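My notes are kept in the order of looking.

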Amino acid sequence: MTWTNATTSIPGGITALDLEASSTGVSIAVRIGTSVKVYKNVTDAAATFDEVRPGTFDLARTASGIVISLCDFSGNRTLSTWVSP
């Protein structure tokens, strides 16, 4: 096995991240300040999801697309989920 660096276009200070891989690539979700950003591929220049949302998040890469779930456990405790094909 060999490791390869993947250069990203993600600006700013990342305080949380989640990676998800499949046979077609690696997706990444990051928290930068109050925003949660999802990049379909780690090398993408633009986020496919970019919203100011409080709480923790989880990322999944499925046959249906990229799935991000967010829940603010200290706030309204509402679980929100988005799917991007």
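The entries below go from ground rules to core, ring pair and surface.

**Ground rules.** I am working from a predicted model, where local features need pLDDT of at least 70 and side-chain atom pairs count only at pLDDT 80 or more, while totals for chains, interfaces and linings use all residues. I number residues from 1 along each chain as its sequence is written, and side-chain values use heavy atoms, with hydrogens and water left out.

**Core.** I looked up the largest nonpolar core and found 9 residues: Ala29, Val36, Val38, Phe49, Phe57, Leu59, Ile66, Ile68 and Leu70. Such a core is a set of buried Ala, Val, Leu, Ile, Met, Phe, Trp, Tyr and Cys residues joined through side-chain atoms within 4.5 Å. Buried means under 20% relative accessible area, exposed over 50%, and partly exposed in between (1.4 Å probe, protein chains only). Strand 3 (35–39), strand 5 (56–62) and strand 6 (65–71) each give two or more residues to this core; strands are DSSP runs of E, at least two residues, numbered from the N terminus. Strand 6 has the largest share, 3 residues. Another core lies apart from it, with 6 residues, including Ile10, Ile32, Tyr39 and Val42.

I then listed contacts (heavy atoms within 4.5 Å) for Leu59, leaving aside neighbours within four places in sequence. Among them are Leu19, Ala29, Val38, Ile66 and Ile68.

**Ring pair.** How many aromatic pairs are there by the rule? I count 1 aromatic pair. The rule takes rings of Phe, Tyr and Trp (its six-membered ring) with centres within 6.5 Å; planes under 30 degrees apart are stacked, over 60 edge-to-face, the rest tilted. The pair is Phe49 with Trp82, tilted, at 4.9 Å centre to centre and 50° between the planes. Phe49 is in strand 4 (residues 49–52) and Trp82 in strand 7 (residues 79–84), so the pair ties together parts 33 residues apart in sequence. Phe49 is buried at 10% relative accessible area, whereas Trp82 is partly exposed at 24%.

**Surface.** I looked at Val26, in strand 2 (residues 25–32), and noted it as partly exposed at 31% relative accessible area. Leaving aside neighbours within four places in sequence, Val26 has contacts including Leu19, Lys40, Val42 and Arg61. The C-alpha atoms of Val26 and Ser64 are separated by 15 Å, with the two residues 38 apart along the chain.

How values were computed. Helices (H or I, at least four residues) and strands (E, at least two) are DSSP runs, numbered from the N terminus.
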